[in-house]
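Open the model in your viewer and colour it by secondary structure. The stops below say what to select next and what is there.

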Amino acid sequence: MQRGTSDRVCNKRVNERTGDEVDTSDIVKGYELDEGQYVVVEPDELDEIAPGRSQTIDITDFVDLDRIEPVYFDRTYYIAPRGTEYTKVYELLRAALAQASKVGIATFVMRNKQYLTALRAEDKVLVLQTLHWADEVRDPGQELPELPSGRAGRGKQLDMARQLVDALSSDWDPSRYRDTYQEKVRRLVRAKAEGQLIEAAEEPPEATNVIDLMKVLEGSLKAARSGRGKEPAGEREEKAAPRKAAARSSAGGPVKTPARKAPPKKAGAVRARDRGAGGKRELQKLSKAELYQRATEQDVSGRSKMSREELIDALARSGRRRKKTAA
């Protein structure tokens with residue numbers, strides 16, 4: 001609207017050279033061959049060559065779903081059977097695609113435009129996803145000025161980064177994430193309508209431009225452990241604030257496994273209990289990041305692919321082996 005009024009502002013099609021408004025019937029399309037030189041195409045000429053609306057989806061190939069790079073996916077549509085008599089063949093195709101982990105590739109015409117599509121299976125429904133054509137996707141190796149070499153992600157930095165990923169890992173639950181900007185817009189509108197005071201938003205965190213990646217990783221991992229290490233597993237999954245704090249943190253410091261005091265009893269008895277059933281109970285109290293750190297210190301094989309329970313079992317076995325060796 002125009003400021004100071006309730007008048008809505010409309011867009012008009014105008015001649016770029018004269019500034020005069022152009023009627024819709026006088027608008028044609030043009031393809032620029034050279035600067036200032038166009039081939040003019042009339043609307044009826046385009047209508048003559050336009051593909052008709054698709055009545056069927058003709059699948060030409062079946063490919064593995066994980067072979068299609070995410071950058072090719074565009075929009076998603078749910079596909080329903082045409083009628084009750086088609087539900088059996090519909091479910092047969094859905095089940096076959098689901099068991100084979102494949103998608104059907106097909107072209108499809110919608111609103112006078114041809115699309116490349118992927119037909120894939122979800123629970124109880126078929127989904128049609130439009131795909132970008134190959135010439136619409138850029139090659140990052142040619143477009144981006146600087147890309148890291150394969151040797152960059154190795155050694156202690158990679159191990160620390162994996163620990164941070166594991167510490168912040170959780171199950172995918174889309175309901176946990178909200179469009180906070182839209183919520184703030186609605187609050188702003190309500191506040192202005194009611195004549196209330198509008199509070200300014202907090203400034204977003206600034207980029208640190210840190211080159212010392214180890215310092216950032218250590219600080220982030222430390223924040224992740226302090227924010228999640230003492231919470232029950234169920235509560236950790238639901239709280240998003242500690243994750244955000246950990247992801248933004250750039251304060252560094254050495255990462256240490258919290259020391260646990262042993263009871264004032266004989267050393268041999270303490271070791272036997274810690275590395276047996278009692279030791280497993282102690283391990284249950286640790287976060288996954290702390291378990292992974294212990295597994296790294298004890299050089300537990302395959303630790304990067306283990307779940308929290310698998311890390312506990314592996315550390316318990318490692319403790320029993322050490323006990324036998326010491327004996």
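Two strands pair if DSSP finds at least two bridges between them. Strands (E, at least two residues) and helices (H or I, at least four) are DSSP runs, numbered from the N terminus. This is a predicted model, in which local features need pLDDT of at least 70, side-chain atom pairs count only at pLDDT 80 or more, and totals for chains, interfaces and linings use all residues. Residues are numbered from 1 along each chain as its sequence is written, and side-chain values use heavy atoms, with hydrogens and water left out.

**The five-stranded sheet**

Start with the open sheet of five strands, whose order is S3-S5-S6-S7-S4 with antiparallel pairing. Its edges are strand S3 (58-64) and strand S4 (73-79), each of which pairs on one side only. On average, neighbouring strands of this sheet are turned by 35° against each other, direction ignored. Angles here run from 0 to 180 degrees between N-to-C directions, and axes are lines fitted to C-alpha atoms, for helices over the stretch in contact.

Contact means heavy atoms within 4.5 Å.

Select strand S5 (residues 102-110) and strand S6 (residues 113-122): they run antiparallel and are joined by seven bridges. Gly-104 has Leu-119 in S6 as its bridge partner, while Val-109 stands opposite Gln-114 in S6. Two residues lie between S5 and S6 in their hairpin, and Arg-111 in the turn has a positive phi of about 55°.

Move on to S6 and S7, which pair in the antiparallel sense over seven bridges. Glu-122 stands opposite Val-125 in S7. This hairpin also has two residues between its strands, with Lys-124 in the turn at a positive phi of about 70°.

**The hairpin of S1 and S2**

Next, select strand S1 (residues 29-34) and strand S2 (residues 37-41), which run antiparallel and are joined by five bridges. Tyr-31 is found opposite Val-39 in S2. Two residues separate the strands of this hairpin, and Gly-36 takes a positive phi near 80°.

**Helices H4 and H11**

Which residues of H4 meet H11? Select Asp-159, Arg-162, Gln-163, Asp-166 and Ala-167 in H4; they meet Lys-288, Ala-289, Tyr-292, Gln-293 and Thr-296 in H11. By class, this contact of H4 with H11 has three nonpolar, three polar and four charged residues. Ala, Val, Leu, Ile, Met, Phe, Trp, Tyr, Cys and Pro count as nonpolar, Asp, Glu, Lys and Arg as charged, and the others, Gly among them, as polar.

Show both helices whole: H4 (residues 155-167) and H11 (residues 288-297) pack at an angle of about 150°, with their axes 8 Å apart.
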